[in-house]
Structures are given as C-alpha cells and as structure tokens.
Amino acid sequence: MIQLDGDVAVVTGGAQGIGKAICHALGCAGARVVITDCDEEAGRECLADLKEDEIDAIFVPADVAKADDVARLMHRSAEHFDGVRIIVNNAGIGHTIPIEDLEIEDFDRVIDVNLRSAVLTAKYALPYMKQTGGTIVNIASTRAFMSEPNTESYAASKGGLIALTHAMAVSLGQYKIRVNALSPGWIETSEWKKRANRRPAHLSATDHEQHPAGRVGKPEDIARAVLFLVDPTADFITGTNMTIDGGMTVKMIYADE
C-alpha cells in the first residue's frame, strides 16, 4: 500500500479523464492534490468529487502553456499546502489534419500545451522542490513511437516529452528530483469525463481482443503506474519511460491474405 503522507501533488489537465483518475489515486494514497485545468466547470466538479472522498484538494484554473499562469499555479500550490513534491504533467491536446492544411499556429498550440508546459512546471516548481526533492511524471503516449496519418503535432509533442524526460532527469538529479514518463496506449476515458460530456463507452469484442492483455485500457491503469513511480521506494527509477498499452505496440500485425 503506497502512502504519500501529505505530499503535495500538482496534476495538470487534472479535471477529467486520465488526469482525474490520477488526482483520485494520489489523494487516496494520502497526497494533498492540486487540480489544474483550463476547464473551470470540470475542475470544480472534480474538486467536489475528491472532497466527497475526503481528499484534501484545491482547484487552480490555469492555461499551462502560459508562463504567468504556471508561475501563479506553483506559488498558489506552495502557499496553500506549504510546498510541492510531485508534478504530473498530464495536460494534452491533439489536432488531426493533413499537413498541407495545418495552420502553424495550431501546431504551436499543441506543442505549447503538451510539451512546453512540462518545462514551465519544472521551472516554476523548482524553487520549492529543491528544498525537499520530489518526483515529476510526464504523461507521454505510444504516439511518440507510432502514428496514424495527420497527427504530426501530437506525435512531435509526445516524442519531445520522452526526450525532455531523460534530459530533466539528468539535470534535476542533483536536487533529488526524479523524472519519468508514462506512455499510455488506448485508454477509454468516458467514465472519468465531466458529467456534461459523459457518454457510455462503445467498445467491441474486436477492440478488446487486439490487445494482448485482452482489453482496452482504463484511466485507473495509468493512475496505478503514477503511484508506482512517485512512491519513495522507487528511488532508483529515473529518466525512463514506461509503456502501458496492453501490449499493442509489441504485437505484430499482418494483413489478411
């Protein structure tokens, strides 16, 4: 049983989906949780849900692509909870469009939210984390290693996040800060969305069967991996990426004859 003993955990994109599951798991393990998201309705709803489970949490609305917002986020987190020890960089957006139709501003926005934000959170949390050490977990994606058509911005952002992870692990190790990445595959998030957006999942037997593990992933699968990486007893793990995809990326696929 992982016990985080009041550690302060900031989760970006924490109001819905994988982020919300991570907030809940960290809170249940004893962390004090800072939910941050640009969707204020979802953030308030997530906060109410955590409070219902007696989790000590606050919601700080922020656009994590903006330096001023992230600086304010870390100041508020440290001021309210007296420090920051865990950061989970989960905020992410996608933009699927043929490259000839891609607006560079849209490409830049994906990079800013998915990749630049992880630099900003580390930069502005470092004055607090230097004092105590801590852990950063970057939520990347199997799209860092494989792609569908027309997903250049998303793939670039997630590939960059993998590289950023090992660079930061080397740079921040002197402060006893560990940095790791998780790369989810197909994760069905319907049950973890805000109520206004919640819809039943429609998954076929084929959807599940194409995973060697026998099923599509759930946000809880990623949340459990986050708990493993932030556990103080995992102190020899840094600079690495863990793929959590039910085995899809190691499965060879042949066209039907």
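This is a predicted model: local features need pLDDT of at least 70, side-chain atom pairs count only at pLDDT 80 or more; totals for chains, interfaces and linings use all residues.
## Pocket, helices and a few picked residues

α1, β2, α4 and α5 (152–172) each put at least two residues into the lining of the largest pocket. Helices here are DSSP runs of H or I with at least four residues and strands are E runs of at least two, numbered from the N terminus. Residues are numbered from 1 along each chain as its sequence is written, and side-chain values use heavy atoms, with hydrogens and water left out.

**The largest pocket**

- The largest pocket comes out at about 1,200 Å³. That volume is the space filled by probe spheres set on the grid points, which are joined across faces, edges and corners.
- On a 1 Å grid over the protein atoms alone, a pocket is an open set of points where a 1.4 Å probe fits, with protein on both sides within 12 Å along at least five of seven lines; lining residues have an atom within 4 Å of a point.
- The lining of the largest pocket has 41 residues, and Ile18, Asn90, Gly92, Ile93 and Tyr154 lie nearest the centre.
- α1 gives the most to this lining, with three residues.

**Helix α2**

- The expected span is 1.5 Å times one less than the number of residues.
- Ala42, Gly43, Glu45, Cys46, Asp49 and Leu50 are the buried residues of α2, where buried means under 20% relative accessible area, exposed over 50% and partly exposed in between (1.4 Å probe, protein chains only).
- Those residues cover an arc of only 165° around the axis, so they sit on the same side of α2. The arc is taken over the directions from the helix axis to the C-beta atoms.
- On the other side of α2, Arg44 and Glu52 are exposed.
- The buried residues of α2 pack against α1 (17–28), β2 (32–37) and β3 (57–61), with contact meaning heavy atoms within 4.5 Å.
- Aspartate 39 caps the N-terminal end of α2, with a side-chain oxygen 3.2 Å from the backbone nitrogen of glutamate 41.
- Just after α2, glutamate 54 has a positive phi of about 60°.

**Helix α3**

- Helix α3 (residues 67–81) passes the length check too: its 15 residues should span 21 Å at 1.5 Å a residue, and the end C-alpha atoms are 21 Å apart.
- Buried in α3 are Asp69, Val70, Leu73, Met74, Ser77, Ala78 and Phe81.
- They cover an arc of only 160° around the axis, which puts them on the same side of α3.
- Asp68 and Glu79 are exposed on the face of α3 turned away from its buried side.
- The cover over the buried residues of α3 includes β1 (8–12), β2, β3, β4 (86–89) and α4 (104–132).
- Just after α3, aspartate 82 takes a positive phi of about 65°.

**Buried residues in loops**

- Serine 141 sits in the loop between β5 (134–139) and α5, and counts as buried because its relative accessible area is 5%.
- The side chain of serine 141 reaches the backbone nitrogen of arginine 143 at 2.9 Å. Leaving aside neighbours within four places in sequence, serine 141 is in contact with Tyr154, Lys158, Leu182, Ser183 and Pro184.
- Aspartate 63 lies in the loop between β3 and α3, and is buried at 15% relative accessibility.
- Isoleucine 187 is in the loop between β6 (177–184) and α6 (205–209), and at 14% relative accessibility it counts as buried.
- Not counting residues up to four places away in sequence, isoleucine 187 touches Ile18, Gly217, Lys218, Pro219 and Ile222.

**A glycine in α1**

- Glycine 27 is found in helix α1 and is buried, with a relative accessible area of 12%.
- Glycine 27 touches Val33 and Ile55, not counting residues up to four places away in sequence.

How values were computed. A polar contact is a pair of N or O atoms within 3.5 Å; within protein, one must be able to donate a hydrogen and the other to accept it, and residues adjacent in sequence count only if both atoms are side-chain atoms.
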